[in-house]
Amino acid sequence: MAQPDGKKIFFENLSGAGKAIAVLTSGGDAQGMNAAVRAVVRMGLYVGAKVYFIHEGYQGMVDGGENIKEATWESVSSMLQVGGTVIGSARCKEFRSHEGRLKAAHNLVQRGITNLCVIGGDGSLTGANLFREEWSGLLGELAEQGLIDADAVQMYSALHIVGMVGSIDNDFCGTDMTIGTDSALHRIIEVVDAIMTTAQSHQRTFVLEVMGRHCGYLALVSALACGADWVLIPEMPPEDGWEDKMCEKLSATRSRGTRLNIIIVAEGAIDRHGKPITSGIVKDLVVKCLGFDTRVTILGHVQRGGTPSAFDRILASRMGVEAVLALLETTANTPACVVSLCGNQSVRLPLMECVQMTQEVQRAMDGRRFEEAVKLRGRSFENNLKTYKLLAHRKPESELPVSNFNVAVLNVGAPAAGMNAAVRSAVRVGISEGHKMFAVSDGFEGFYKGQIKEIKWADVGGWTGQGGSLLGTKRTLPAKHIDKIAEQMRKHNINALLIVGGFEGFLSLLELLTARGKFDEFCVPMVMVPATVSNNVPGSDLSIGADTALNAITNTCDRIKQSASGTKRRVFIIETMGGYCGYLASVGGLAAGADAAYIYEEPFDIRDLQANVEHLTEKMKTSIQRGLVLRNENCNENYTTDFIYQLYSEEGRGVFDSRKNVLGHMQQGGAPSPFDRNFGTKISAKAMQWISKKLLETFRHGRVFANTEESCCLLGMRRRALVFQPVVQLKDETDFVHRIPKEQWWLKLRPLMKILAKYKTTFDVSDSGQLEHVVRNRPKESDASVAM
């Protein structure tokens, strides 16, 4: 099969021959740790290294014996979808002592292990770094005691360490998302969505307590994702008198006809004087001041449990492979590093720089320097807080700026989960900026028919958790009815347009831009936010809705594979959506542990199909019981899902049988994932702020007139940044026939999926992480984790 271009390293060159790598999980468990362990083991074996499990974290390293076992390819099968950590995790007092570390060093040297991959929080990683610094001294002591000889001291003179952060709290500085955070958000949002239905029935107020003793990330992001009325976090305690303000807010929300209130409290929430604010205190306050029927739900360890989300599986798999690459490239002088994700890019950061920054946050909080603590958490955390305040707390009419501008928002293309969160965000930010917001029903079809009405702050309450498109969306393009649309623009005096949609939205902007020559009504600021499950919009690496679709695919694949447990060997052929874009098949395949994924972007022929069948046949003859093959719906007009199913059935006869499944529109349905809710909310807020800026820039002589290319943009995520790009400039990057961008970043993940499925393949390391330094504040435009 064709491979993406780039600096490629072949299997023979990625040599780990003679090296021994050990992987351990330490501290609190987190969903996705197993995916990381699996990736480390399989990539390590792929490059020819010996790989060991260290069971029960540092305790197992100190105790040795059966706790340190050699890993095989099969020993990590069927663990991708399992929560927690199957190799166990334990907090170890003994490792904190010099004697404990001496025992651990002896156990590693006996097995020739000098490469450690540690998956844990800042405490676990700090311990690993201390161990590395003491290593040569520990070997000297072991030699003096006669436990190892001089040759062993020479041979194993340096210990190399790479860390991956596994923590549901997302409390580690320098990394956008830690392994487990997205899954924990899934658990919280599942509970909030369920609670909302019962709260509405009884007109109740619910106080939810979520984890986060020292970090309010989970509380803040879940509040943003469900549109909570109030949130309390340790980094930003409320001002004195918050009790009255909160009760006023709850009362005002009820007076507008809302039947419920949601308050989210981080377990470490405090007031300005360091006094704890518990969920019980909040409940008593609401009952006493307002008399509302109020209940408390403490989520506790539910947040740590369950299956890892698609995001966490992909993150952990990428990080596991990156960790092995980092260990292969390390030298005696290389500092211990943490592998992480910044935007959608792998990065390596010096471990101790990250730890020191994390500890600085705590010192700032202890010293009541809360503004500083928020800044130290990173731009993502700061932006989450600003966006939440902007959307949750409505200013009184008297405090709102008066802009006299009318802004219309509409959905174009197929429905995608998260569209409603984007519309809610746009409407509320627009109102906060003083604009009059108009909602257009049914896309451009509704536009030319005049289905346009003003939309108020309260009209979008509760929209974040709703799937599909509440405004209604159609694939109709504007060119056919351009004169009627211009008439409606004139009639409602629309001064700016915000489109939330897929490839049709992009085509619509190009048509509106062309129509400027004939109709002045379109000489207004226009911006598009990408929203499509296919993730095929040029100019953006990610689209709203794609994460929800990936989770639907991953969860369905888990169930389908489970259906074959205990039966004979079986291969499943699954068809995914995406048009000609193979994003869902490829990234879904990585998340679900697929053996192959057929896509249009990577042409294949009958020889490739035959090689895949033979490969699966070989695997099935060992202990592997189930195979998974994904096929993008338009990958090849002749090699259909039926054809591939029949081929596998015939060629696998006697070894395995086959089943097929077309996932269809279930990939478009369901409640949006936390990622899509937050991505939609934040990207739409940024688009709305751009519109406000452009309206002021282009308002002259009593009217808005914007006819430059820069006034008709697509806002997309590019590598580490959210970027406004004129749609005209994106034309050259687009394959209009197949409705996909000409270059797609995720193609570089395909070799990774093949390696983890035991294929010999080229591996493109041009995008692998380089050692960088932790920066306190990134430039404003490069908010690396716009989504979360």
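In the predicted model, His701 is exposed, with a relative accessibility of 82%. This residue lies in the loop between β23 (699–700) and β24 (703–704). Its phi is positive, about 55°, although His701 is not a glycine. The C-alpha atom of His701 is separated by 41 Å from that of Asp676, a residue 25 positions away along the chain. A positive phi also occurs at Arg368, again a residue other than glycine, where the value is near 60°. Arg368 is placed in the loop between α11 (351–366) and α12 (370–377). With a relative accessible area of 40%, Arg368 is partly exposed, because the exposed class begins over 50%.

Helix α13 (residues 379–392) and helix α22 (residues 674–698) have axes that come within 11 Å and cross at roughly 75°. The two helices are therefore roughly perpendicular, since angles of 65 to 115 degrees fall in that class. On the α13 side, the contact is formed by Ser380, Asn383, Asn384, Thr387, Leu390 and Leu391, and on the α22 side by Thr681, Lys682, Ala685 and Gln689. By class, the residues of this contact comprise six polar, three nonpolar and one charged.

Lys682, one of the α22 residues in the contact with α13, is buried, with a relative accessible area of 7%. The side chain of Lys682 makes a polar contact with the side chain of Asn384, at 2.7 Å. Asn384 is itself among the α13 residues that meet α22, and Lys682 belongs to helix α22.

The second pair consists of helix α10 (residues 310–329) and helix α19 (residues 583–592), which pack at an angle of about 80° with their axes 8 Å apart. α10 and α19 are thus roughly perpendicular to each other. Ala310, Arg313, Ile314 and Ser317 of α10 make the contact with Val587, Leu590, Ala591 and Ala592 of α19. The contact of α10 with α19 contains six nonpolar residues, one polar residue and one charged residue. For the contact of α13 with α22, the corresponding division is three nonpolar, six polar and one charged.

A buried arginine is found at position 101, where the relative accessible area is 7%. Arg101 is part of helix α3 (residues 98–110). A polar contact links the side chain of Arg101 to the side chain of Glu134, at 2.7 Å. When neighbours within four places in sequence are left aside, the contacts of Arg101 are with Glu94, Phe95, Arg96, Leu130, Phe131, Glu134 and Leu138.

Val629 lies in strand β21 (residues 626–632) and is buried, with a relative accessible area of 0%. Aside from neighbours within four places in sequence, Val629 is in contact with Val571, Phe572, Ile573, Ile574, Ala596, Tyr598, Leu616 and Tyr648. The C-alpha atoms of Val629 and Asp595 are 5.7 Å apart in space, while the two residues are 34 residues apart in sequence.

With a disulfide taken as a pair of cysteine sulfur atoms within 2.5 Å, the count of disulfides is zero. Cys215 is in no disulfide, and the nearest cysteine sulfur, that of Cys173, is 8.4 Å away. Cys215 is buried, with a relative accessible area of 2%. For Cys289, the closest cysteine sulfur is that of Cys247, at 4.0 Å, which is too far for a bond. Cys289 is partly exposed, at 44% relative accessibility.

Notes
Residues numbered from 1 in each chain as written. Predicted model: local features only at pLDDT ≥ 70, side-chain atom pairs only at ≥ 80, totals over all residues. Heavy atoms only, no water. Helix = DSSP H or I, 4+ residues; strand = E, 2+ residues; numbered from the N terminus. Buried < 20%, exposed > 50% of the residue type's maximum accessible area, 1.4 Å probe, protein only. Polar contact = N/O pair within 3.5 Å; in protein donor to acceptor, adjacent residues only side chain to side chain. Contact = heavy atoms within 4.5 Å. Axes fitted to C-alpha atoms, helices over the stretch in contact; angles between N-to-C directions. Parallel < 35°, antiparallel > 145°, perpendicular 65-115°, else oblique. Nonpolar A, V, L, I, M, F, W, Y, C, P; charged D, E, K, R; others polar.
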